[in-house]
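The sequence and structure are shown first.

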Amino acid sequence: MTEWAHPAAILIVGSFLVPFLRGGLRKCYLLALPSAALVSTIYLSPGNHWTYSFLGNDLIFGRVDKLSLVFAYVFTIMAFIGNMYALHVDDNRQHVAALMYAGSSLGVVFAGDLLTLFIFWEIMAFASAYLIFARFTERAKKAGFRYLLVHLFGGVVLLAGIIMHYVESGSLLFGPLGDGGLAFYLILIGFILNAAVPPLSAWLSDAYPEATITGSVFLCAFTTKTAIYVLIRGFPGTEILVPMGVFMTLYGVVYAVLENDCRRLLAYHIISQVGYMVTGVGMGTYLALNGATAHAFTHIIYKALLFMGAGSVVYMTGLRRLTDMGGLYRTMPVTMVLYMIGGFSISAFPLFSGFVSKSMVVSAAAYDHRAIVTLLLTAASTGTFLSTTLKLPYFMFFGKDSGIKAKEPPLNMLVGMGIAAFLCVAMGVYPSALYNVLPYLAKYKPYTADHITGSLGLLLFTALGFFVLLKKLNPEPTISMDTDWFYRKGASIFMWFLNDPMLKIGDLLARTFFNTIPSALIWFSKNPLGALKIAADTAFILVCGSDRRAEVKRRIDKEKAIYPGDIIKHWPIGSTVLWVTIFLLTCLLIYYV
Amino acid sequence: MKVSARVKVAFYVVLLAVFASDFFITREHPVFPWDRIPGFSAVYGFISCVVIAMLSKFIGHHGIMKKEDYYD
């Protein structure tokens, strides 16, 4: 089979044409590009393609194997769903940014060397940031800048790691980086920042809910999952990722319980779900790596579905806080049903996609005899069901009637959600289709009797807990402090430090050097002898007894009053000659000595 | 929305059925001792749901939750 076009190139180069198209033609084009990328991915043959020599190194743009292919499939499918959902948007810049974002994610996935990877990594950061700025609100602008700065920081750390790795090993090839040196940790930090591992996670929950309605659907799919891909590729079996991942699952769940903004609640559940994948990468067994990959695949689709559902509500009502919503099932029943399919998928309900992927990670932990990891991951999945599938839809679609009469969103948005919902159910009902494209050889059977009754028991009794605690779980009109506190409040503390203490010190220094000292010198030079006399008398006051003090003080006052006085009067010719003689004598002595 | 009595009853029947069904199935790969206890996941699900909800709200009300204009 010939490789006719790189999938990333199709999306990135193809996006340049979007601004020249209008109306129906543009809509067709927006759907055709991801389709072409998907077809080109399907026809890629394993091996290295598009290899170019650069400064004595091979840049590999097309490393094709089972691992890169499975991520490429889901990324191109996601680009199609995302574009379908965004068809009604009349802002060409957003379409271009979204396509470049999806394309550069494919670029990262197919990159066979670290330099190519880094280039696409940075394109991703900028393209995705535009999807936040494009909301054109003050909050979006600020959140976008914070997002961009955090990712630029991560990019610099990653680049430092790549350069050190190159200097140490002499190779830019991207494979398992298992040596544990500084380069290893720098690259790891660069990667886990994009995977939103706390404390490097606040950028996600901060920025995603501020992005445009359609932009956040793209955002929730690509950045964290390319990070999972590069972790699987570069850091399989890195033990430290296991506690990090387990912590993530619970961290996201706790914040989601507190959250009132519907899309931010879902953003915290991205962190929680990506935690399962990070744990899988850390365990590093074939089943665990397959589980991380499968979960990334299903997660992209169901999380996009959830973001599309919540986004439709935000789009149609103009509201974002759960405390303002309620009773929307009457006017938005289709949106509600589609959202619930996403909800059941993320909660790993049998017959939905999360069931066949999340259970793989949890079982991998069990087969690896990690009791605490298994129990905590299971507990986190009840938290997911609690917030995403029970609390959010309850307060959005049911609960108290807010009296809002919002209509269903435009047809293209519903179709986008419909495709995602279909895939969620299809993967849940027929998991072999997904399992066949997984990269590693590990057999797994999700539908066993004990697993089904166990999952149903877990989830339905979580629902019982929810209804028992319904009053306590009322959303509250608050925001939650996260690690972004350090750069949001920290920045204002830093600015205060510059504006208050530092500015005062600066003023003092300026006054001393440009004002006080020069004027003192001018005063002194008017009559040095008189000034010295005053100085000597002032010093004398400090040491002399009290009886003479009054007399000396009077003298000083008199001297000050007449200062600088008549200099000539104090400098008779005799003494001038004396000083000149002394001066010459000194010169003579210095010359001979 | 008032959850009508019928839905409530149906929900409890389903709960009971799911709980009971766990006693009658064969367990293929029990790894941990608790994997052999029938109904364990149901109890564990209920407990973890309550613990997560209460713990989150406790942490939230003790420092994490701030007024909406906190950063403005």
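The model is predicted. Chain A is divided into domain 1 (1-235), domain 2 (240-483) and domain 3 (527-592). Between the C-alpha centres of domain 1 of chain A and domain 3 of chain A the separation is 80 Å.

The largest nonpolar core holds 187 residues, and those touching the most other members are A:Phe71, A:Phe191, A:Tyr208, A:Leu231 and A:Met396. Helix H12 (residues 286-317) of chain A supplies the largest share of this core, 18 residues. Both domain 1 (1-235) and domain 2 (240-483) of chain A contribute at least three residues each to this core. A second, separate core has six residues, among them A:Ile534, A:Ile541, A:Ile556 and A:Tyr563.

Apart from neighbours within four places in sequence, A:Phe71 is in contact with A:Val109, A:Lys225, A:Ile228, A:Tyr229, A:Ile232, A:Thr293 and A:Ala296.

A:Leu55 lies in the loop between strand E1 (47-54) and strand E2 (57-64) of chain A. A:Ala348 is found in the loop between helix H13 (333-346) and helix H14 (353-367) of chain A.

A cis peptide bond, with omega near 5 degrees, runs from A:Pro198 to A:Pro199. A:Pro199 belongs to the loop between helix H7 (182-194) and helix H8 (202-207) of chain A.

Technical notes
Residues are numbered from 1 along each chain as its sequence is written. Chains are lettered from A and ligands numbered from 1 in the order in which they are written. This is a predicted model: local features need pLDDT of at least 70, side-chain atom pairs count only at pLDDT 80 or more; totals for chains, interfaces and linings use all residues. Side-chain values use heavy atoms; hydrogens and water are left out. A nonpolar core is a set of buried Ala, Val, Leu, Ile, Met, Phe, Trp, Tyr and Cys residues joined through side-chain atoms within 4.5 Å. Buried means under 20% relative accessible area, exposed over 50%, partly exposed in between (1.4 Å probe, protein chains only). Helices (H or I, at least four residues) and strands (E, at least two) are DSSP runs, numbered from the N terminus. Domain bounds come from an automatic or database domain assignment. Contact means heavy atoms within 4.5 Å.
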